[in-house]
Amino acid sequence: MLRLDRICIYLLMFGIILLIPSYTMITFIDELISFSMLAIAFVDCIANGAWKKYKLLWIFMGIFTFYAIYSIYFLNYNTPRYIWTDWIIGLKPYIPFAVFLAIGPEFTEADKRHLRYISIINCSITFLILLGGYRTITPVFVNPTFAAQVAFISATFYIYCSSDKHSGTIPIRNKVIAIIMLCVGLYSLKAKYFGEFIVSIFLLTLYKPGTFRYFSIKHALILLVIGLAILGASWSKIQYYFLTGNNGGSFDPTVVESFARPVMYVTAGQILFDHFPFGTGSASFGTAASSMNYSQVYFEYNIDNVHGISWRSEESFICDAFYPSLAQYGVIGLILFIWFWFYAYNFLRIMIRTNPTLYRTQFITGAMIITFLLIESIAATTLTHCSGTIIMCILGMSCAYGKQLFKKNATVQNIQNLAIRKI
């Protein structure tokens, strides 16, 4: 019998093993994993009639397909070829989440053991590469931020695979190892990673189920301290990108992002208002596809000469942050993006409220992943890279427990309501 859940696990293992080479050497890993999972969903639906189980996946596909068709027939900012390229790039991180949420695969004890070893190996290799400086970082990761991503993802896998199946607890030794792995990412000196690190350490060491269920002055102070710690860790970069930046008397190309990134954010805000409610469409702004075939939007908003965005020079900063790209989907797309994260977190909340001890690890890793992706999206497009695809698998796997609990509670409630009506 074909075990679809095991195929999903093998694809995930394949991705984590090849995570480091995926940045510069085998760059198609994320597409291969995502669309293999899409094929699994179709096989399950055709063979077993499980169309309803993958409802979220069809919703995702419907949304991105609508924007592609809308962009081709109602707008004229890019060609169909690049619009469909953007369809692939935009959809691919949501496929593994939806498939893992639908199938709900679980790691065996052997899987967990192997993944812990793989995570430690990945983190150790990353640390050695970081120690070598840019001579070793550039050929493998291009930028230290990708090395930090590997450290974070490896630590997340290690944490997820360290919990006891029956008690849900993580041994102190494993927590210490996970914290050491998280510390490797600090060597990248990336401000956004400092924020991710602070939240992760809080969740691993200080957080207790129910901490924020009943809000109080104590909880407000905890949030304030965490917020100030993140702000303090990131302040130099905030100044660099949005306050001082490249304000000297002469142009310095080494700080090109201090021009390009704020321009992209400001223009994104203008697009949301000017092109209400569906934006400028796929492959039009802030995405790799919009730079592969230079979008007409950059001419429309007179930013085609900004260094780092200009088609005449270096346009790599077009796809330097994820949030500006939401403008091409308009206010509707922005609302759907926000809805997705609330949707995912709701399953985590169901778990932690149903059984705080048993599901604590799933909640912690899920909360770490959401924090990681939301912070990364400020100054990176992690969600659409292999690292985003891999970590969305774990988020889907974590949320699957909450989905099962939700269904179980709904079934019990229906039985109780039926019994009351009969009485």
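**Helix packing and buried residues**

Tutor: Helix H3 (residues 55–74) and helix H4 (residues 80–91) pack at an angle of about 160°, their axes being 10 Å apart. Axes are lines fitted to C-alpha atoms, for helices over the stretch in contact, and angles run from 0 to 180 degrees between N-to-C directions. H3 is therefore roughly antiparallel to H4 (angles over 145 degrees count as such). This is a predicted model, in which local features need pLDDT of at least 70, side-chain atom pairs count only at pLDDT 80 or more, and totals for chains, interfaces and linings use all residues. Residues are numbered from 1 along each chain as its sequence is written, and side-chain values use heavy atoms, leaving out hydrogens and water.

Student: Which residues in H3 meet H4?
Tutor: Among them are Phe60, Phe64 and Ile72 in H3, which meet residues including Trp84, Trp87 and Leu91 in H4. Contact means heavy atoms within 4.5 Å.

Student: What about arginine 360: buried or exposed?
Tutor: Arginine 360 counts as buried because its relative accessibility is 18% (buried means under 20% relative accessible area, exposed over 50%, partly exposed in between, with a 1.4 Å probe and protein chains only).

Student: Where does arginine 360 lie, and what does arginine 360 touch?
Tutor: Arginine 360 lies in helix H16 (residues 360–379). Not counting residues up to four places away in sequence, arginine 360 touches Lys175, Leu203, Tyr207, Pro209 and Ile352.

Student: Which residues are buried in H1?
Tutor: Those buried in H1 include Leu4, Arg6, Cys8 and Ile16. Helices are DSSP runs (H or I, at least four residues), numbered from the N terminus.

How values were computed: Helix = DSSP H or I, 4+ residues; strand = E, 2+ residues; numbered from the N terminus. Parallel < 35°, antiparallel > 145°, perpendicular 65-115°, else oblique.
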